[in-house]
Amino acid sequence: MTGVLAQAAERVQAIADAACMQAMLKDAGRFIEHLKKENQALEAQLHLARQETATYANAYAHASSDAQRQAAMAAAAAAAAADAQRERERSEAEGQGFSLASIKQAIEEAVEESQGLGEDERKAKIKAMRL
């Protein structure tokens, strides 16, 4: 009988162990389900973060290209202003007698004047113009 009682005690212990094992497996299954849901939530957050990053990257690219466009426009405006200043200075210089047209005109007038002079006077006049 003691053998039967020992076997019965072992069966009761095995049944208790099996019940504990089932409870542990159920808990592990619930934990796995919890982890899957948490993983889905984290993947959703990651997706949103990537979208936000892409949005910021696009905004930065547009801001960068806008800044480049503005810088190019500013450079073009500065170049136009410099060209206008050079043109003003050139026209002022022409007004003061430094243009090619005024120099050519002065030379032609001097040649006309020298044609009516004698040889010695003409040489003296040319020598004076060189100085």
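Here is a short walk through this predicted model, from its overall build to a few side chains.

Let us begin with some ground rules. Residues are numbered from 1 along each chain as its sequence is written, and side-chain values use heavy atoms, with hydrogens and water left out. Because the model is predicted, local features need pLDDT of at least 70 and side-chain atom pairs count only at pLDDT 80 or more, while totals for chains, interfaces and linings use all residues.

What is the protein chain built from? It has 3 helices and 0 strands, where helices (H or I, at least four residues) and strands (E, at least two) are DSSP runs, numbered from the N terminus. Along the sequence, this gives the pattern α-α-α.

Next comes confidence, given as pLDDT, the predictor's confidence in each residue, from 0 to 100. The protein chain averages 80, and 88% of the residues score at least 70. Among its elements, α1 has the highest mean pLDDT (83), and helix α3 (residues 119-130) has the lowest (73). Where pLDDT is low, the predicted coordinates should not be read in detail.

Of the 131 residues in the protein chain, 2% are buried; buried means under 20% relative accessible area, exposed over 50%, and partly exposed in between (1.4 Å probe, protein chains only). The protein chain exposes about 11,500 Å², with carbon and sulfur atoms supplying 61% of that area. Such accessible areas come from the Shrake-Rupley method with a 1.4 Å probe, and for residues only the protein chains shown count as cover.

Leu 25 is found in helix α1 and counts as exposed, at 56% relative accessibility.

Side chains of opposite charge can pair when their charged atoms come close. The structure holds 2 salt bridges, each a side-chain nitrogen of Lys or Arg within 4 Å of a carboxyl oxygen of Asp or Glu. One joins Arg 30 and Asp 27 (2.9 Å, N to O). Both residues lie in helix α1 (residues 2-95), 3 residues apart, about one turn of the helix. Arg 30 is exposed, at 54% relative accessible area, whereas Asp 27 is partly exposed, at 44%.

Glu 33 forms a salt bridge with Lys 36, their closest N and O atoms being 3.9 Å apart. About one helical turn separates Glu 33 and Lys 36, because they are 3 residues apart in helix α1. Glu 33 is partly exposed, with a relative accessible area of 43%, and Lys 36 is partly exposed, with 48%.
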